[in-house]
Amino acid sequence: MRVLQSLLIRIFYAVVLLTAVLILNFSLMYLAPGDVADTISQSMGGADKEVLDQIRADYGLDQPFPVQLGRYVGRILHFDLGYSFFYNDPVTKLILERLPATLLLVFTAQILALVVGVVLGVISARQPNGIASHFVTMLALFGYSAPVFWTGILLLIVFSLKIPWFPVAGMQDVTIEGGFVVHALDVLRHLVLPAITLASIFLALYSRLARATMLETLGSDYVRTAKAKGLAERHVVYKHALKNALSPVVTLAGLQFSAVVSGAVLVEAVFSWPGLGTLAFQSIIARDTPTILGILFFSALVVIVGNLLTDLVLRMIDPRLRGRGA
Amino acid sequence: MMKHLVKGMIVSTVLATIAAGHALADDPVRGGTLITVLGSNPRTLNGAVQSGIVTGYPTAQLFASPLRYDEDWTPQPYLAESWDVSDDGLTVTLNLVKNAVFHDGQPVTSADIAFSVEVIKANHPFKTMFAPVETVETPDEHTAVLKLSRPHPALMLAMSGQLMSILPRHIYGDGPIEAVKTHPRNNENVVGSGPFKLVEFKNGEHVILERFDDFFIEGRPYLDKIVMRIIPDIAARTIAYENGELHMGAFESNPQMVNRLKKVDGLEVTPEGYGAIGPLDWLAMNTQRGPLKDVRVRKAIAYAVDKNFIQKALMQGTAADSRTGIHPDSPFYFREVEIYDVDLEKANSLLDEAGFPMQDGKRFDLTIDFGWPGVKPQVEYVRAALKKIGIAVEVRASADFPTWAKRMGEMDFDMSWDTVFNWGDPVIGVHRTYVSDNVGKGVWSNTQGYANSRVDEILALAAVESDAEKRKALYQEFQTIIADELPVYHTNTLPYHTIYSGKVGNPPLGIWGTSTPIDMTYLKD
């Protein structure tokens with residue numbers, strides 16, 4: 001019951017926060033000079049003054065600020081994210097078309113980073129001064145410090161151009177014919193490079209944290225006891241130590257979830273991955289306020305869901321948390 | 001009256017012969033899927049309500065227009081098998097082909113022409129294209145007569161390429177004319193009479209078209225399918241051309257990409273085919289502000305800015321020289337105008353003359369704007385170049401395009417880098433920059449505040465002059481004046497290139513880039 005209560009309180013705060021953020025962003029977008037009519041005219045190769053005025057009138061951009069804000073908030077309260085000026089489509093439709101691609105990329109990258117990060121962390125913790133450990137440290141340093149768009153282009157040059165294993169852009173090859181399995185494999189092939197690119201930053205974080213917590217746990221009394229009991233090394237490391245070392249990593253992963261979502265924006269841009277990131281990037285350039293705010297809304301939703309999932313996972317691996325409310 | 005008709009027929013016969021001869025040398029192959037690319041997401045696939053190069057490519061495949069142009073700027077029959085302009089220039093008669101049908105099987109009739117003119121007049125951003133067209137009469141199903149209020153030679157180019165998509169009235173005429181702008185069938189279930197029909201438009205991913213079997217030109221198109229992938233990232237597009245994922249792409253202007261791909265075996269890279277698009281780069285100067293009001297100051301700036309450096313170093317040899325507001329590939333281009341080879345002495349003496357003496361190594365301050373990151377090297381170069389003649393230039397960055405567009409539209413700038421397109425006839429894309437009744441009306445209007453009554457007069461005359469030679473003479477005078485008065489300093493063409501693999505036969509290298517039907521393009525075996 002307390003779990004449910006705390007969940008409801010959280011959702012309430014999230015809704016309040018989200019509304020405030022939307023209003024703030026709407027105001028900021030309004031304050032910026034120029035508007036979407038300018039970018040529409042850019043995509044048209046120029047337009048006469050009367051056309052520009054017509055576009056502004058069509059989308060209500062000629063109205064005073066309070067009227068525009070009022071209309072926007074009114075729509076939001078009816079769960080209507082509005083109509084994209086730039087794409088001529090309802091924002092909700094645009095976003096729902098793009099959401100699956102982003103979810104696929106974000107969750108794949110997050111899981112990849114977690115699993116590989118933890119494995120690498122454990123390997124390097126078992127022999128803190130071995131060659132493997134130094135290698136992991138270097139890899140982590142590289143992954144964390146290299147900008148994702150650079151890593152992405154580097155991977156493209158190596159694995160799409162020099163060794164053409166993976167496609168350059170997009171999520172599917174439309175010329176491929178075949179059933180579900182063929183298409184699924186095709187999507188998977190397109191997913192490899194973007195997922196590795198996005199995972200590279202977080203892999204660095206997780207592997208460093210896993211290494212540190214594993215080192216600490218491996219030095220603790222109960223591990224020594226387990227070893228003294230004569231349990232196999234492998235058993236001690238994976239059954240006793242890892243389970244305890246894992247929960248800080250999962251907590252961090254939950255905290256980083258929003259960072260993964262925002263990191264996806266850049267990765268999607270490099271790989272032309274047809275997700276929310278590409279849409280966000282282009283809408284910002286186009287000053288398409290309803291779409292930008294709509295994406296903000298959905299990304300916040302994804303982060304909230306991601307955090308809730310993290311909580312659930314934490315409860316699974318750490319029984320001590322199960323009784324608690326928060 | 002018959003003159004035009006006969007001429008048109010002779011030209012088309014000659015062309016057919018040439019095409020036949022060509023076919024013997026290299027037979028077009030039927031079939032195959034051409035993979036091409038769009039650099040951004042099209043807002044709409046309906047060219048009747050919006051222009052722009054990203055919409056141009058799909059719309060020219062989906063919708064047919066009355067005319068098409070060959071690479072020598074000669075109009076060719078398309079939906080109109082012949083046409084006729086009356087001697088007074090006030091009546092333009094289009095005789096439509098009899099066998100044209102829309103993708104849903106309905107015939108293309110003169111009523112659709114009349115409807116499309118109405119839609120374009122109400123929705124298309126280029127108001128000058130059809131402004132003089134008062135009514136369209138439809139004496140029979142296959143004859144459309146455009147009645148004009150004044151002679152309008154620009155109409156010919158405006159009836160070609162992506163500028164005049166013929167829409168089926170029975171589909172797009174179901175609501176008010178203005179509502180066609182946001183018609184749901186602009187992006188899905190699009191119906192035109194062009195060589196290809198729409199299979200799928202997936203926002204952010206691709207546009208897929210397939211061969212329209214009942215296309216009115218027998219045996220065409222050659223391709224079975226066209227895939228237009230949407231890849232906004234330049235680096236990703238470069239790699240995709242290089243590793244063969246893309247067969248063809250157009251409107252590529254990044255010098256690094258162009259030069260890199262020129263070295264790749266099996267790829268052709270050409271700047272041909274953009275004459276009617278007519279993209280020009282220039283240095284805009286606000287003739288209503290401060291020292292720039294004085295033409296001697298503007299000339300001094302031109303003498304200090306080295307075009308050669310911009311073309312050779314900054315554009316890495318990809319861009320061509322341009323000297324006037326008309327694109328060098330246009331038949332109206334006149335190159336024998338005043339030019340400004342670097343001459344710092346002359347620049348300094350002009351500034352002295354204008355009453356801006358050098359004091360402690362400085363004469364006065366100016367600002368320079370730019371609207372997109374790609375042209376930052378140009379404005380940084382202008383800053384360095386003008387320092388040499390004592391003009392301290394401050395580079396003003398804009399947060400994004402709309403910020404810059406607003407500054408330009410309200411003439412809140414001293415100098416700016418700018419790129420403007422000709423869009424076919426000078427009336428459509430050139431006049432707007434120089435006529436005095438278009439001052440300060442938004443971005444890409446006469447943002448320089450330039451006013452010269454003789455220029456206004458010449459351009460007004462050129463707009464209605466039906467005689468091609470006289471018209472050319474008028475534009476010649478116009479170009480001479482603006483090269484002398486420098487409301488903008490013309491530096492170079494925007495180096496659009498078409499990139500295609502050796503597998504592509506007969507790529508579109510006419511005057512409209514890919515904003516033209518590619519029914520003659522094929523894939524070699």
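The legends below describe close-up views of a predicted model.

In this predicted model, local features need pLDDT of at least 70 and side-chain atom pairs count only at pLDDT 80 or more, while totals for chains, interfaces and linings use all residues; side-chain values use heavy atoms, with hydrogens and water left out. Residues are numbered from 1 along each chain as its sequence is written, and chains are lettered from A and ligands numbered from 1 in the order in which they are written.

**View 1. Chain A as a whole.**
Chain A holds 12 helices and two strands; helices (H or I, at least four residues) and strands (E, at least two) are DSSP runs, numbered from the N terminus. From the N terminus on, the order of elements is α-α-α-α-β-β-α-α-α-α-α-α-α-α. The C-alpha atoms of chain A fill a box of roughly 85 × 55 × 40 Å along the principal axes. Of the 326 residues in chain A, 46% are buried, where buried means under 20% relative accessible area, exposed over 50%, and partly exposed in between (1.4 Å probe, protein chains only).

**View 2. An open sheet of four strands in chain B.**
The strands of this sheet follow the order β4-β5-β7-β6 (chain B), with antiparallel pairing; two strands pair if DSSP finds at least two bridges between them. Because β4 (80-85) and β6 (133-140) of chain B stand at the edges with a single partner strand each, one side of each is left without a neighbour in the sheet. From one strand to the next, the twist averages 20 degrees. Strands β5 (residues 91-96) and β7 (residues 143-148) of chain B are paired in the antiparallel sense over five bridges, and Asn95(B) stands opposite Thr143(B) in β7(B). Helix α3 (residues 110-123) of chain B packs on the sheet and touches β5, β6 and β7 of chain B, contact meaning heavy atoms within 4.5 Å. The direction of α3 makes about 170 degrees with that of β6(B); axes are lines fitted to C-alpha atoms, for helices over the stretch in contact, and angles run from 0 to 180 degrees between N-to-C directions.

**View 3. Strand β1 of chain B and its partner.**
Five of the six residues of strand β1 (residues 33-38) of chain B are buried, so this strand is largely enclosed by the rest of the structure. Strand β10 (residues 225-230) of chain B pairs with β1(B) in the parallel sense over six bridges. Val37(B) stands opposite Arg229(B) in β10(B).

Arg471(B) lies in helix α16 (residues 468-485) of chain B and counts as buried, at 4% relative accessibility. Beyond residues up to four places away in sequence, Arg471(B) touches several residues, including Phe332(B), Asp425(B) and Glu465(B). Pro331(B), found in the loop between α9 (307-314) and α10 (344-353) of chain B, is partly exposed, with a relative accessible area of 35%. Leaving aside neighbours within four places in sequence, Pro331(B) is in contact with Trp73(B) and Lys472(B). The C-alpha atoms of Pro331(B) and Lys472(B) are separated by 8.1 Å, although the two residues are 141 residues apart along the chain.

**View 4. The buried side of helix α11 of chain B.**
In α11(B), the buried residues are Gln378(B), Val379(B), Tyr381(B), Val382(B), Ala385(B) and Leu386(B). They cover an arc of only 155 degrees around the axis, which puts them on the same side of α11(B); the arc is that of the directions from the helix axis to the C-beta atoms. Among the elements covering these buried residues are β13 (279-285), α8 (295-304) and β14 (364-370) of chain B.
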